[in-house]
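This report covers strand pairing and aromatic contacts in one structure. The sequence and structure come first.

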Amino acid sequence: MEKDSFLKIKNNLLRNNIVPDLFFSNDSIELCFEWIVFQPTEKLLSIRNSPHVLSNMLNKKPISIKQHKSFLDKYNDLPRLDFIIKDCKTKSIIGSLNANMIDDRIEIGKYIGNLNYLKKGIAKNGMIKFFDFFSNYFSYKYIYSRTKNKNIVNIKLNEKLGFEYLEDLDNTYILMRKKV
């Protein structure tokens with residue numbers, strides 16, 4: 001799929017506020033997706049910039065309010081989908097799932113930034129809903145995940161989601177792939 005086609009679909013979804021379906025944590029917390037553009041910047045960045053999230057990011061520097069606002073200003077032109085995971089009852093921001101067009105492939109990313117929601121199956125259950133959503137609107141044969149080779153938790157989660165090891169990208173990252 002070409003960038004222009006991706007952007008047309010993305011911006012239609014965004015304009016109509018179409019998001020993946022609700023889902024549940026392993027302990028029955030109802031969770032929902034919202035587009036990143038509708039989130040309060042300070043609350044979002046407090047989760048995104050938490051030390052345990054930054055430690056697994058490509059860029060380990062915290063994102064500033066100015067940088068985030070610049071990102072949001074350009075968001076409609078970026079070939080990516082960014083959904084925030086929220087507790088539907090409390091409206092607490094929990095984490096994020098995203099898909100980025102990099103060259104001719106889609107790479108996914110995910111994090112649970114709110115420590116109160118770790119180890120509840122949220123990333124796994126959210127990704128399952130996200131894959132259903134993604135495959136309904138976009139036509140890609142594979143989705144990829146770039147993962148730190150020492151992030152065993154994420155590698156195991158990706159394997160449970162059907163990803164397979166593809167290659168070492170360098171001394172720090174591996175590339176995994178899932179058929180969709």
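## Strand E3 and its partners

In this predicted model, strand E2 (residues 30-35) and E3 run antiparallel and are joined by five bridges. Across this pairing, Cys-32 is opposite Lys-86 of E3.

E3 also pairs with strand E4 (residues 93-102), again in the antiparallel sense, through seven bridges. Here Phe-83 stands opposite Leu-97 in E4. The hairpin of E3 and E4 has five residues between the strands, and Lys-91 takes a positive phi near 65° in it. Of the eight residues of E3, seven are buried, so the strand is largely enclosed by the rest of the structure.

## The Phe-83 and Phe-130 pair

A search of the whole structure gives 14 aromatic pairs. In the pair formed by Phe-83 and Phe-130, the ring centres are 6.1 Å apart and the planes are at 65°; the pair is therefore edge-to-face, as the cut-off for that class is an angle over 60 degrees.

Phe-83 belongs to strand E3 (residues 80-87) and Phe-130 to helix H5 (residues 122-137), so the contact ties together parts that are 47 residues apart in sequence. Phe-83 and Phe-130 are both buried.

## Charges over rings

Technical notes: Residues numbered from 1 in each chain as written. Predicted model: local features only at pLDDT ≥ 70, side-chain atom pairs only at ≥ 80, totals over all residues. Heavy atoms only, no water. Phe/Tyr/Trp six-rings, centres within 6.5 Å; stacked < 30°, edge-to-face > 60°. Helix = DSSP H or I, 4+ residues; strand = E, 2+ residues; numbered from the N terminus. Buried < 20%, exposed > 50% of the residue type's maximum accessible area, 1.4 Å probe, protein only. Pairing = 2+ DSSP bridges.
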